[in-house]
Amino acid sequence: MSFDENAALEAAAVRAIESVDRERALWSDDDRAWASRAAAEVVGEGVAPETFLAARARLALERIGQRSGTLPRAVNALRWRPWVGFTTVVVAFAAGVAIDQVGGSQRINLLAPPLFGLLLWNIAVYLVLAVGFVVRYGDAAPVGSIRGLVTRFAGGRARPGRGELAPVIARLAVDWGHLSTPLYRARAARILHVAAATFAAGLVAGLYLRGIALEYRATWESTFLDAAAVRALLVASLAPGAAFTGIPVPSVAEVEAIRVPAGENAGRWLHLMAAAAALVVIVPRMMLALWAWVLERHRGSRLPLAIDEPYFARLLRSFLGGPMHVHVAPYSYTMPAPAAAGLERLIRNVFGASASLTIMAPTVYGGEDALAKKTRSDHPINMIALFNATATPERESHGAFLDHLAARLAPGGTLTALVDEGAFRDRSGNAPTRLEERRALWRALCADRQVACAFAALGAPDLADAGAALERALGEALR
């Protein structure tokens, strides 16, 4: 599932608030249900899942913005500003024009013009890019330093502050930094390649602008090199310009004739330098920029968000299949009020605020056979067998209970087991070893019946952990 850049950012922002605000203090269950319902009405039926999620994120941000502009401002701060790239390119061109190519003496030292340094630098860049492509061929490029830069950039622009939304904005900055790293890598490459090309173009423009009003004299001097060695260096560096313009690099005798204190009109040398800059820097850099632009457009329209991620899967269940019908069947367990309230919060968190929840009357120990006489469900439902972790799981009772529940499911229904370990934790002093031993027994029983199971302390559930565990169990049940 992929989004364009703006939709992905908005979806990430709403995911941040709905994931961080576990107590529903900032964004209630009613708000979440309204956002899903309103988005479904806006997009209609038969649309792609990402269309629904993008519409839901946009509507949610609008409502959040009516209460507090902090989160929408953070989202806007993280949006890309095209003027950043434009300004970078303009500054690069101006810097190229402004550099004094020949100094105040109006003499060009052929062995030390800044243009040659530019040629060498760009050739080195091409070699690094080529080696990096070969080394990383078939593998994803490393993102550690770039991701850190993007995250710091995002976090610096979307400052969390100290308000109640601070954790949400901090989470958004990190998530967006991770998600947008490939896009920003391509975008940065495009801008840097264009800037390098325009810097070289500025150098060339500066050469000719100064050459119109002033006469520059070409010369050279060296402690170690003679005329033959100097010409060899000039041939190597100016060969592309000579081939393109048809202007030959002067002979050894001509090079010797312009050694300091002599010199000659620098016109032909300027033409050779400009052509070399165009062929070695401007054209290749613009081709690389074009490739980076294509890559940027592709990535900017296809930012990936995992549709099977529990958060998005929860939203799409209600959209694609209508309100979810969840039946909870306790076995030999009468839930205390706090556990019942925690169970309802957990179900709403996993299946959506609009889920239809039915808590069946507890089946007494040994009464599982009575389920066989009950009518089979006519509609697909999500059945959850609820157990108390204080009980030791038994194949003849708890296992049989799971068998009877599975037999009552209509095609398309799911069966998962949920074990409330709140009372067991209290009795065992929350000892990790004993808790894991009891979990292993329940897992073995459920695995024997091919039923996925999850654990939660329903009296005070950690909605993030418990929800993720139940999501995983549902995912196994759907396979």
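**Figure 1. Strand S8 and its burial.** In this predicted model, S8 is mostly covered, with seven of its seven residues buried (buried: under 20% relative accessible area, exposed: over 50%, partly exposed in between, with a 1.4 Å probe and protein chains only). Strands (E, at least two residues) and helices (H or I, at least four) are DSSP runs numbered from the N terminus. Both faces of S8 are covered: one side carries Asn382, Ile384, Leu386 and Asn388, the other Met383, Ala385 and Phe387, and all are buried. In a regular strand the side chains alternate between the two faces of the sheet. Residues are numbered from 1 along each chain as its sequence is written, and side-chain values use heavy atoms, with hydrogens and water left out. Because the model is predicted, local features need pLDDT of at least 70 and side-chain atom pairs count only at pLDDT 80 or more, while totals for chains, interfaces and linings use all residues.

**Figure 2. Strand partners of S8.** S6 and S8 run parallel and are joined by five bridges (two strands pair if DSSP finds at least two bridges between them). Pro330 stands opposite Leu386 in S8. S8 also pairs in the parallel sense with strand S9 (residues 414-420), over seven bridges. Asp420 in S9 is the bridge partner of Asn388.

**Figure 3. Aromatic pairs at Phe401.** The whole structure holds six aromatic pairs (rings of Phe, Tyr and Trp, the last by its six-membered ring, with centres within 6.5 Å; planes under 30 degrees apart are stacked, over 60 edge-to-face, the rest tilted). Tyr331 and Phe401 form a tilted pair, 4.8 Å centre to centre with 40° between the planes. This pair links distant parts of the chain, 70 residues apart: Tyr331 is in the loop between strand S6 (325-330) and helix H13 (337-351), and Phe401 is in helix H14 (residues 395-408). Both Tyr331 and Phe401 are buried. Phe387 and Phe401 form an edge-to-face pair, at 5.9 Å and 75°. Phe387 and Phe401 are both buried. Ring pairs link Tyr331, Tyr365, Phe387, Phe401 and Trp442 into a cluster.

**Figure 4. Arginine over aromatic rings.** The charged end of Arg63 sits over the ring of Trp34, 3.7 Å from its centre (NZ of Lys or CZ of Arg within 6 Å of the ring centre and within 35 degrees of the ring normal). The charged end of Arg187 sits over the ring of Tyr184, 5.6 Å from the ring centre.
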